[in-house]
Amino acid sequence: MGFDLSILAKHVPFLLEGLWLTTVVCLGALAGSIVLGIVVAACRTAASPLARRLSAIYVDVFRNIPFIVQLFFFYFGLPEVGIYIEAAPTGIIALSIAGGAYTSDVIRAGILAIEPGILEAAEVSGLSRRKIFTKVILPIALRTSIRPLGAVCVNLVLTSSVLSTITLNELTGSAKIVAAETFRPFEVYAALLIAYACLTYAVSGLFGALHRHVNRHTAGEVA
């Protein structure tokens with residue numbers, strides 16, 4: 001049998017549904033990981049030794065446990081103690097928690113890169129510590145962290161393929177079903193390779209464009 005992608009034509013709508021589900025899950029996970037990353041980064045740069053220690057433990061734990069183990073714990077383990085979550089929300093939650101560990105490092109680096117003079121000026125102006133963080137520190141840290149956050153988002157897209165193991169028919173899960181129905185795994189997974197390559201390049205390009213836009217007035221900014 002020769003290579004023939006045309007056999008996938010009638011399965012395109014089904015694959016697009018999987019692509020849409022992948023997009024929704026990744027957007028939800030990106031939002032969750034950024035929120036969690038901000039909280040953890042704030043704790044890791046806080047004055048409290050306890051907050052710094054607990055946040056560091058979180059980062060170390062979730063960066064050193066395979067994602068599939070975390071996923072199975074949430075989907076197969078929690079029901080044993082009476083906690084039942086559907087596959088899609090489980091995927092978003094698991095990706096958010098795992099991604100938050102990496103996002104917190106990115107945002108923390110952005111916070112530590114802020115010039116001390118900016119913080120001193122904010123303190124002299126009489127702003128409260130909460131307002132200094134939300135109005136000064138966080139906007140600057142997020143602006144300088146856009147490109148690294150793009151790398152985190154790309155990783156979320158790639159890692160989302162593991163969600164097919166919990167019966168979620170995202171892009172990879174849909175491709176598995178099509179491969180089983182058509183008996184043409186070569187064409188199906190070749191198309192899947194192309195789809196993920198396009199997704200990751202699109203995400204990288206989007207974050208690169210966002211970085212250039214947000215930092216367009218920054219002196220010395222490199223495009």
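A residue is called buried when its relative accessible area is under 20%, exposed when that area is over 50%, and partly exposed in between, with a 1.4 Å probe and protein chains only. R44 falls in the buried class because its relative accessible area is 18%. The structure described here is a predicted model, in which local features need pLDDT of at least 70 and side-chain atom pairs count only at pLDDT 80 or more, while totals for chains, interfaces and linings use all residues. Residues are numbered from 1 along each chain as its sequence is written, and side-chain values use heavy atoms, with hydrogens and water left out.

Helices (H or I, at least four residues) and strands (E, at least two) are DSSP runs, numbered from the N terminus. On this basis the protein chain has nine helices and zero strands, and its pattern along the sequence reads α-α-α-α-α-α-α-α-α. Taken along the principal axes, the box filled by the C-alpha atoms is roughly 75 × 50 × 25 Å. Of the 223 residues in the protein chain, 39% count as buried. Contact here means heavy atoms within 4.5 Å. Among contacts between residues at least 6 apart in sequence, 74% join residues at least 24 apart.

The packing of the helices comes next. Two packed helices are described by the angle between their axes and the distance between the axes. The axes are lines fitted to C-alpha atoms, for helices over the stretch in contact, and angles run from 0 to 180 degrees between N-to-C directions. Angles under 35 degrees count as roughly parallel, over 145 as roughly antiparallel, 65 to 115 as roughly perpendicular and the rest as oblique.

Helix α1 (residues 12-44) and helix α4 (residues 87-112) have axes that come within 6 Å and cross at roughly 45°. That angle makes α1 oblique to α4. The crossing of α1 and α4 is right-handed; a crossing is given this name if the near helix is turned clockwise from the far one by less than a right angle, and is left-handed if anticlockwise. Twelve nonpolar, ten polar and three charged residues make up the contact of α1 with α4. In this classification Ala, Val, Leu, Ile, Met, Phe, Trp, Tyr, Cys and Pro are nonpolar, Asp, Glu, Lys and Arg are charged, and the others, Gly among them, are polar.

Helix α1 also packs with α8, at an angle of about 160° and with the axes 7 Å apart. The two helices α1 and α8 are therefore roughly antiparallel to each other, and their crossing is right-handed. From α1, the residues F14, L15, G18, L19 and T22 meet L171, S174, A175, I177 and V178 of α8. By class, this contact between α1 and α8 has seven nonpolar, three polar and no charged residues.

R44 is placed in helix α1. The side chains of R44 and D105 are joined by a polar contact of 2.5 Å, a polar contact being a pair of N or O atoms within 3.5 Å; within protein, one must be able to donate a hydrogen and the other to accept it, and residues adjacent in sequence count only if both atoms are side-chain atoms. Beyond its neighbours within four places in sequence, R44 is in contact with R52, S55, A56, V59, S104, D105 and R108. T90 lies in helix α4 and counts as buried, at 1% relative accessibility. Leaving out residues up to four places away in sequence, T90 touches L71, F74, Y75, I85 and I166.

Most residues other than glycine have a negative phi. T167, in the loop between α7 and α8 (171-182), has a positive phi of about 70° although it is not a glycine. With a relative accessible area of 57%, T167 is exposed. F183, in the loop between α8 and α9, has a positive phi of about 60° and is likewise not a glycine. F183 counts as exposed, at 66% relative accessibility.
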